[in-house]
Amino acid sequence: MKTVHFTINGETYRREVAEHKTLLHFLREDLGYTGTKEGCGAGECGACTIILNGKAVNSCLVLAAEADGSVIETIEGEASGNTLTEIQQAFDRNHAVQCGFCTAGMVMTVKDLFRRNAHPTRPEVIEGIEGNFCRCTGYEQIIEAVLDAAEHGAAEEISARDAGTTKEVSDA
Amino acid sequence: MLETVPASNLTSVGHKTRRVDSIEKLTGEATYVSDMVLPGMLYARVKTSPHARARIVSIDTSKAEAMVGVRAVITGHDIGYKLGLYVVDKDILARNEVRHFGEGVAAVAADTLEIAQKAIEAIHVEYEELEPVLHPKDAVKDDAPLVHPDLESYSYMEAAFTPRPGTNIANHTKLRKGDVEKGFAESEWIVEREYTNPSVQHVPMETHVAIVQWGKNDQVHIWSSAQSPYTLRNLFAVAFELPHRNIRVEVPYVGGGFGGKAGIGIEPLVALLSQAAKGRPVKLTATREEEFSLLPCRSQLTYQIRTGISKDGKIQAQEMTMYWDSGAYADYAVNVTRASGYSAGGPYEIPNATVDAYTIYTNKPFGTAYRGFGHVEFFWGLERHMDLVAQAIGMDPLEFRLKNTLKPGATTLTGEKITEHTGNITACLEKAAEMVDYGSVTEAEKAKAAAQGKKIGKAVVGLHKAPAMPPFTATTVILKMNEDATVTANLTLTDYGQGTYTAVAQMIAERLRMPMDRVKVAFESDTDRDPYDWQTVASKGLLLSGNAAILAADDLIATAYEDAAQVLRAHTRDLDHDADGIFLRHHPEHVVSWKQLAIGYAYPNGNGIGGPLVGVGRYIAQGLTHLNKETGEGSPALDWTYGAHGMIVAVDPDTGEYDVLKVASVFDAGRVINPDAFRGQAIGGMIQGLGTATVEGYIYDKKGHLLNPSFTDNKIPTAKDIPMEIEVFGVETPQVDGPFGARGIAEHSMISVAAALGNAIQHATGAEVTHMPLRSEDVWRALNRKDAVDNWITKSPLGSCKSAPELQKYTCD
């Protein structure tokens with residue numbers, strides 16, 4: 001067992017974790033962050049995508065122990081109160097959700113994309129979400145939702161929130 | 001029902017509206033069974049067979065049983081029950097003999113998943129390997145080993161199926177219409193071809209998962225990622241000879257199904273583990289690899305079609321023979337065979353026809369329902385065949401199709417009469433053709449293709465399907481008004497992404513004349529609390545549950561009118577209602593609000609009348625019959641949904657590489673209830689169809705080992721694989737008994753996509769492909785007139801020995 005520290009969605013955690021436990025299983029089983037899903041456990045499908053120190057990763061391929069000290073963003077940290085983020089609202093408007101099992105990973109991937117590219121073209125959106133499988137939608141309405149989210153200022157919203165978050169952390 | 005309501009009078013139905021389940025899914029709050037943990041819960045793992053066919057000589061579980069934290073170990077020898085919906089042929093764990101690679105032979109429940117995994121590794125199974133039978137055509141030979149020597153003793157649904165004990169034939173579906181000999185004699189041309197496709201995997205993003213607690217006094221509580229809570233409960237009760245009331249099935253959010261979670265699955269195994277573990281709850285989550293071989297797949301099909309055509313291009317006669325490879329268990333495949341049998345001719349009029357469809361046991365992972373229920377598989381052959389026939393007789397393939405479509409007055413293969421209300425296949429084909437500019441290649445398309453050294457091909461294909469279900473299939477919806485005049489609907493049709501709950505909410509809102517935000521359709525289903533529904537399969541949910549929802553709303557309204565009539569001192573015939581309340585039609589200021597009526601009306605002095613408002617809607621399919629087992633005659637179809645796809649491809653004639661430039665999909669939906677959900681089903685199914693058309697499929701070695709049970713080796717489409725342009729259109733020929741005229745379309749979008757691709761590739765390059773999927777190398781082989789043999793049982797993991805003999809010296813033993 002190893003003692004690990006994390007900041008997850010702005011909250012701090014200190015836990016004991018087995019050295020071989022994946023970050024995905026740590027989040028889901030030890031902390032109850034079940035919004036992040038497991039689709040294959042082999043880094044192929046992207047359902048378990050979270051943001052680790054500002055980068056989207058497959059959490060099934062990262063050990064909790066090796067991520068010690070990191071800042072993590074999961075789907076549970078996206079909406080605040082009853083207000084969905086622009087990405088979530090655009091997914092809702094565009095029927096970009098069917099069974100919902102890939103949705104959390106897809107939303108986190110898109111958030112990561114917007115941090116790197118505030119106004120992606122359609123090919124850039126496709127490139128950006130290529131690592132996330134969706135068996136239901138055929139991707140089209142997801143692509144439309146991402147383009148729609150960009151138009152509604154999703155990237156700007158993320159920047160503004162990031163600025164706020166940074167301040168909070170430095171104050172702490 | 002209500003098919004005459006003009007669109008302009010509708011406020012919810014037919015309008016864009018958000019999904020009722022999107023917020024909880026977008027925020028991670030929706031809880032799936034895979035997310036659930038119960039107090040005292042144990043974790044299960046399954047020991048699976050490494051052989052396709054072997055005798056189990058012995059199983060030594062002693063080491064596993066001695067491990068700390070192991071609470072139960074079971075093997076097939078401990079279990080005397082068989083499972084099945086249509087044919088009761090499947091052991092819960094293999095007994096005496098394993099019949100396919102990946103079949104469960106033992107299972108463990110332990111305190112943690114890690115201990116369970118170590119325990120199954122500690123179980124030693126001694127096998128005596130036997131020669132497997134892998135190809136359905138080998139399986140029907142006289143000297144083939146029998147996969148089920150005891151077939152004669154199995155119970156099955158006698159009204160629908162015909163097993164042949166002493167053979168590997170689990171079912172023979174027969175259909176005879178007119179006089180085919182006469183039809184062929186009167187034909188100018190006869191074209192005969194064979195088409196094949198391999199098994200594929202559904203790939204729901206959430207693998208199969210169940211938690212079961214077998215409590216004291218045989219009270220069994222099941223939480224499952226199942227499509228069909230009530231059929232699961234029924235099959236469980238029958239298998240274990242328990243009263244239905246003892247069994248409670250709860251289904252929360254489900255991460256995709258596509259047919260693979262219909263019927264019953266891993267729940268009985270998990271239940272037995274719970275029983276062996278003294279009633280503690282046990283959870284089994286299938287790994288992705290187990291999803292491919294422990295759990296069922298889609299059947300492989302070999303389809304032979306012989307068609308006679310008159311001088312003027314009309315189909316005179318057609319002989320259709322289907323060899324359905326059910327794999328080791330045929331429970332569901334027999335019904336895929338039956339449903340495909342009566343649909344086998346497609347949306348075309350065939351005066352003289354025979355169908356012989358066989359369900360054949362082999363030693364491979366078993367087949368089950370998959371979106372389209374056989375139609376994706378046989379329409380690959382049928383719609384390729386229509387093009388090859390047209391080519392043989394020198395007619396344009398679209399013209400040939402339009403000449404032969406089912407039109408009002410025509411009869412289907414089973415003798416049903418087509419009317420002007422049945423749906424319009426001709427309109428679907430014509431619209432799809434228009435959407436892809438069929439018959440011409442635009443300058444822009446030419447330029448795009450020439451720049452890449454590619455050639456343009458276009459195709460238009462048709463499709464149809466009716467729900468495959470018992471003729472008396474039924475459902476119920478219960479509607480309850482809350483204190484604030486919002487309403488909550490309960491049903492056990494499961495919405496695992498299709499959007500049916502949103503459509504049901506729209507219909508209820510429409511009937512109650514309330515805005516959508518006053519209607520909740522409760523997501524989690526519970527057989528102890530929610531009313532009956534047969535199964536969530538077959539694209540029947542919208543029609544049957546939609547009708548039940550309308551009837552439930554009408555029932556609630558009728559009850560409310562009786563209460564309101566007393567309050568308003570009026571006759572119910574003079575009442576009308578809106579979102580706020582019930583009023584006298586000719587004195588609308590005399591009104592009693594829904595809120596006043598919701599839980600019973602109270603007079604100022606405290607007297608009460610009525611009571612909580614509840615509506616019950618029950619609906620059963622009307623006028624359907626079993627089919628005659630010799631001729632196939634009868635009425636199997638709740639509704640026929642017709643559709644068409646148009647496709648444009650650009651193909652490199654040197655390499656066989658291709659791009660799909662555009663797909664246009666058209667369905668006669670009767671009435672589009674929710675335009676965005678309609679489009680989502682149309683595109684999602686089309687891409688799933690394109691996945692199976694381009695790349696997906698099970699590859700076995702000669703011993704029946706599955707070689708590609710993972711996303712590494714069995715690709716599914718990603719965002720990069722979708723066509724450059726996608727267009728969807730709904731034709732609306734109202735269904736007389738459809739809710740607001742609607743029909744289901746969720747399976748149909750997947751049907752005929754592969755054939756559209758094959759036809760377009762042939763039109764571009766002349767490559768004559770008859771096996772799917774169409775990988776670039778398959779197109780290249782067809783272009784170079786190299787034998788396209790069965791690719792799907794191979795000597796090497798490279799997958800190309802048999803199809804590419806010139807490579808054998810490098811890759812094969």
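# Notebook: chains A and B

I began with chain A of this predicted model: the C-alpha centres of its domain 1 and domain 2 lie 20 Å apart.

**Entry 1. Chain A, two domains**

I looked up the bounds and found domain 1 at 2-75 and domain 2 at 86-171 of chain A. I then looked at where the two touch. On the domain 1 side 16 residues are in contact with 14 residues of domain 2 of chain A. Which elements of chain A give two or more residues to the domain 1 side? I found β3 (49-52) and β4 (55-58) of chain A. The most comes from β3(A), which gives three residues. I sorted the residues on this side of domain 1 of chain A by kind: seven are nonpolar, six polar and three charged.

**Entry 2. Chain B as a whole**

I moved on to chain B and noted 20 helices and 33 strands in its secondary structure. The radius of gyration of chain B is 28 Å, close to the 28 Å that the globule rule gives for 813 residues, so chain B is as compact as a globular protein of that length. Along the principal axes, I read a span of about 95 × 75 × 55 Å for the C-alpha trace of chain B.

I checked the confidence next. The pLDDT of chain B averages 95, and 96% of its residues score at least 70. Residues 794-813 of chain B have a pLDDT below 50. I noted that this stretch has 29 contacts in the model beyond near neighbours in sequence.

**Entry 3. Domains of chain B**

I found three domains listed for chain B. Domain 1 takes in 7-30 and 473-620, domain 2 takes in 33-132 and 208-285, and domain 3 takes in 300-468 and 625-794. I looked up domain 2 and domain 3 of chain B as a pair: 36 Å separate their centres, taken over C-alpha atoms. In this pair, 19 residues of domain 2 of chain B are in contact with 21 residues of domain 3 of chain B. The domain 2 side of this contact divides into eight nonpolar, six polar and five charged residues.

**Entry 4. A sheet of four strands in chain B**

I traced an open sheet in chain B with the strand order β21-β20-β19-β28 and found its pairing to be mixed.

I looked at one pair of strands in detail. β20 (residues 487-490) of chain B and β21(B) run parallel and are joined by three bridges. A489(B) has V521(B) of β21(B) opposite.

I then looked for helices on this sheet. Helix α14 (residues 500-512) of chain B lies across β19 (474-481), β20 and β21 of chain B, and runs at about 145 degrees to β21(B). Helix α15 (residues 541-568) of chain B also packs on the sheet, where it touches β19, β20 and β28 of chain B. The direction of α15(B) makes about 145 degrees with that of β28(B).

**Entry 5. A sheet of three strands in chain B**

I noted another open sheet, with the order β23-β24-β25 in chain B and antiparallel pairing. Its edge strands are β23 (575-577) and β25 (587-593) of chain B, each of which pairs on one side only. Neighbouring strands here are turned by 35 degrees against each other on average, direction ignored. I counted the bridges between β24 (residues 581-584) of chain B and β25(B), an antiparallel pair, and got four. In β25(B), V592(B) is the residue that I582(B) stands opposite.

**Entry 6. Where the chains meet**

Last, I looked at the contact between the chains. How many residues of chain B are in contact with chain A? I found 40 residues of chain B in contact with 40 residues of chain A. Two or more residues on the chain B side come from each of α1 (22-26) and α17 (675-694) of chain B. The largest share, eight residues, is that of α17(B). By kind, the chain B side holds 19 nonpolar, 13 polar and eight charged residues.

Terms used
Residues numbered from 1 in each chain as written. Chains lettered and ligands numbered in written order. Predicted model: local features only at pLDDT ≥ 70, side-chain atom pairs only at ≥ 80, totals over all residues. Contact = placed C-beta atoms within 7 Å. Nonpolar A, V, L, I, M, F, W, Y, C, P; charged D, E, K, R; others polar. pLDDT = per-residue confidence, 0-100. Domains from an automatic or database assignment. Pairing = 2+ DSSP bridges. Axes fitted to C-alpha atoms, helices over the stretch in contact; angles between N-to-C directions. Rg over C-alpha atoms; globule rule 2.2 N^0.38 Å.
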